[in-house]
Amino acid sequence: MSFKTYSLVFMFDERDNVALIHKNRPDNLAGKLNGIGGKAEPGESMLETAIREVREEAAVELNERQLHCCLTFERPNYTIHVWSARLTPEQWGDIKTMTDEQVVIVPYSELFYNGVGLKLDWHSVVFLQAAYKDLRRGDPASHIRWSPTP
């Protein structure tokens with residue numbers, strides 16, 4: 001099995017709504033909500049991966065100044081770089097589903113009520129909370145490196 005790297009983006013508007021994607025695959029995420037992202041292509045930086053994946057899956061053009069890598073999750077065979085992004089009202093209005101995985105908008109304040117949070121796996125909960133806290137804190141120097149033992 002080859003080593004893979006992924007970027008995962010949690011996009012928020014000025015009212016702290018978050019754009020999530022309803023996953024159809026892989027099997028362990030099917031039926032769950034997650035950030036928008038995917039696997040890096042050869043020669044692509046993680047920042048480039050984040051920008052490309054958001055464009056391909058949600059039709060939003062991000063610029064690198066909007067993205068902050070707030071968490072790196074390391075495992076023996078893959079790494080996930082988690083990004084937070086605050087969108088402009090114009091960008092927020094551009095969000096639309098571009099693939100067979102539907103983009104949904106959820107108020108962060110209601111995410112863990114009314115059963116919505118049940119559609120998040122535990123990794124997504126940790127990743128989403130890190131991204132939200134990153135935006136609320138506003139500290140671009142903050143970054144968490146998480147390498148849980150197997």
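Residues are numbered from 1 along each chain as its sequence is written, and side-chain values use heavy atoms, with hydrogens and water left out. Because the model is predicted, local features need pLDDT of at least 70 and side-chain atom pairs count only at pLDDT 80 or more, whereas totals for chains, interfaces and linings use all residues.

## Strands around β6

Helices (H or I, at least four residues) and strands (E, at least two) are DSSP runs, numbered from the N terminus. Two strands are said to pair if DSSP finds at least two bridges between them. Strand β1 (residues 4-12) and strand β6 (residues 78-86) pair in the parallel sense over nine bridges. Within this pairing, Val9 has Trp83 of β6 as its bridge partner. Strands β5 and β6 run antiparallel and are joined by seven bridges, and a hairpin of three residues connects β5 to β6. Phe73 stands opposite Ile80 in β6.

Burial is assigned from relative accessible area: under 20% is buried, over 50% is exposed and the range in between is partly exposed (1.4 Å probe, protein chains only). By this criterion β6 is mostly covered, with seven of its nine residues buried.

## Helix α3

Helix α3 (122-137) has 16 residues and reaches 22 Å from its first C-alpha to its last, close to the 22 Å expected at 1.5 Å a residue. The expected span is 1.5 Å times one less than the number of residues in the helix. Its buried residues are Ser124, Val125, Phe127, Leu128, Ala130, Ala131, Tyr132, Asp134 and Leu135. The elements that cover these buried residues include β1, β2 (17-22), β3 (33-34), β5 (67-74), β6 and β8 (144-146). Gly138, whose phi is positive and near 70°, follows α3.

## Nonpolar cores

In soluble globular proteins, nonpolar side chains tend to be buried together. A nonpolar core is here a set of buried Ala, Val, Leu, Ile, Met, Phe, Trp, Tyr and Cys residues joined through side-chain atoms within 4.5 Å. The largest such core has 22 residues, of which Phe10, Phe12, Phe127 and Leu128 touch the most other members. At least two residues of this core come from each of β1, β2, β5, β6 and α3, and the largest share, seven residues, comes from α3. Apart from this core lies another, of 21 residues, among them Ile21, Trp83, Ala85 and Ile95.

Which residues does Phe10 contact, leaving aside its neighbours within four places in sequence? With contact meaning heavy atoms within 4.5 Å, the partners of Phe10 include Val18, Leu20, Val82, Trp83, Phe127, Leu128 and Ala131.

## Aromatic pairs

Rings of Phe, Tyr and Trp (its six-membered ring) pair if their centres lie within 6.5 Å; planes under 30 degrees apart count as stacked, over 60 as edge-to-face and the rest as tilted.

| Pair | Geometry | Centre to centre | Angle between planes |
|---|---|---|---|
| Tyr6 and Tyr78 | edge-to-face | 6.4 Å | 80° |
| Tyr108 and Tyr132 | stacked | 3.6 Å | 10° |

Tyr6 lies in β1 and Tyr78 in β6, so their pair ties together parts that are 72 residues apart in sequence. Tyr6 is partly exposed at 27% relative accessibility, and Tyr78 is partly exposed at 24%. Tyr6, Phe73, Tyr78 and Phe127 form one aromatic cluster.

Tyr108 lies in the loop between β7 (103-107) and α3, and Tyr132 in helix α3, so this pair ties together parts that are 24 residues apart in sequence. Are Tyr108 and Tyr132 buried or exposed? Both Tyr108 and Tyr132 are buried.

## Backbone sites

Most residues other than glycine have a negative phi, and most peptide bonds are trans. Asp16, in the loop between β1 and β2, has a positive phi of about 65° although it is not a glycine. Asp16 is buried, with a relative accessible area of 12%. Ala59, in the loop between α1 (46-58) and β5, also has a positive phi, near 65°. Ala59 is partly exposed at 23% relative accessibility.

A cis peptide bond joins Arg25 and Pro26, with omega about -10°. Pro26 lies in the loop between β2 and β3.
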